[in-house]
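Please examine the sequence and the structure shown here.

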Amino acid sequence: MKNFLLVVLGLICITLLIVGNQNWKERIAGAPASSEFEETANETGVESAEDNVGTQFDSLISNWPEEAQESFKQAVNTETSYKIALVGSPALGSGEEGWSDQLAGELAAAFEDQVEVSIFQEDTTSVQFIKSGLYDDVLDFQPDLVLYEPFTLNDNTAGVPAEQSHESILTFYEDMQEKNENAVLLLQPSYPIDGATYYPKQVDKLKAFAEENDFTYLNHWTEWPEEAIDEYLLRSNEGPNDKGHELWADYLIDYFINDAS
């Protein structure tokens, strides 16, 4: 009898071991391998991080060219400064009342330390800007985005043909991309003046040139009043007055910082 009980107990133990081992194998087979689990987790983490790149700025930069938006997000992702250059004639203004300083201040406030803005102002023509090497400082800055007022009014005064001005713009852009292949160029006219005949035609040609070469053209002229424009300019059309700079700045700030929300 004793031997019989021992045999029965042995059979029970063996049965339990077999059943337990089978359940364990089934559980292992149903679970993902640790490497697969880690890979899945890592992929999910990467996707989430990429999805969240620059999302805090998405709405603000929604007016920018697509390639500028992408390079800006990359700068955010790599924690590097996004460089913006404001380039042009004395029409950029000087001091806090100038539109360039106003825009630079608003960009710094909106994007905190994510952007680095530098202003390059020269009293020259588009051709001399290139031939005299005055644009070297801009190239050395290696901007990611350039807002360029290409001396159209100065060219008009000096008799520079529109075609030569356009060639200078292309040279500037090509040399800029040699320093930074992802650099984006935006064009804008200088300020409008009252009673001009040939100058508006040059500005129209600049707009057409921008469209033909896929440059974004910021047409702030739409904001200037057709009547009483002299209220926005200094005497002898030497440049915008404070009121004119404010109007110009407001247009550009609304473009670069889309705070519609």
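Two strands pair if DSSP finds at least two bridges between them; helices (H or I, at least four residues) and strands (E, at least two) are DSSP runs, numbered from the N terminus. The model is predicted, with pLDDT of at least 70 required for local features and 80 or more for side-chain atom pairs, while totals for chains, interfaces and linings use all residues. Residues are numbered from 1 along each chain, and side-chain values use heavy atoms, without hydrogens and water.

Q: In S4, which residue is the bridge partner of Val146?
A: Strand S3 (residues 145-148) and strand S4 (residues 184-187) run parallel and are joined by 4 bridges. The partner of Val146 in S4 is Leu185.

Q: Which strands stand at the edges of the sheet?
A: The open sheet has 5 strands with parallel pairing, in the order S2-S1-S3-S4-S5. Each edge strand has a single partner strand, so one side of each is left without a neighbour in the sheet. The edge strands are S2 (115-121) and S5 (216-217).

Q: Is H4 roughly parallel or roughly antiparallel to H10?
A: The axes (lines fitted to C-alpha atoms, for helices over the stretch in contact) give angles from 0 to 180 degrees between N-to-C directions. Those of H4 (residues 99-111) and H10 (residues 242-256) come within 8 Å and cross at roughly 30 degrees. Angles under 35 degrees count as roughly parallel, over 145 as roughly antiparallel, 65 to 115 as roughly perpendicular and the rest as oblique. H4 is therefore, relative to H10, roughly parallel.
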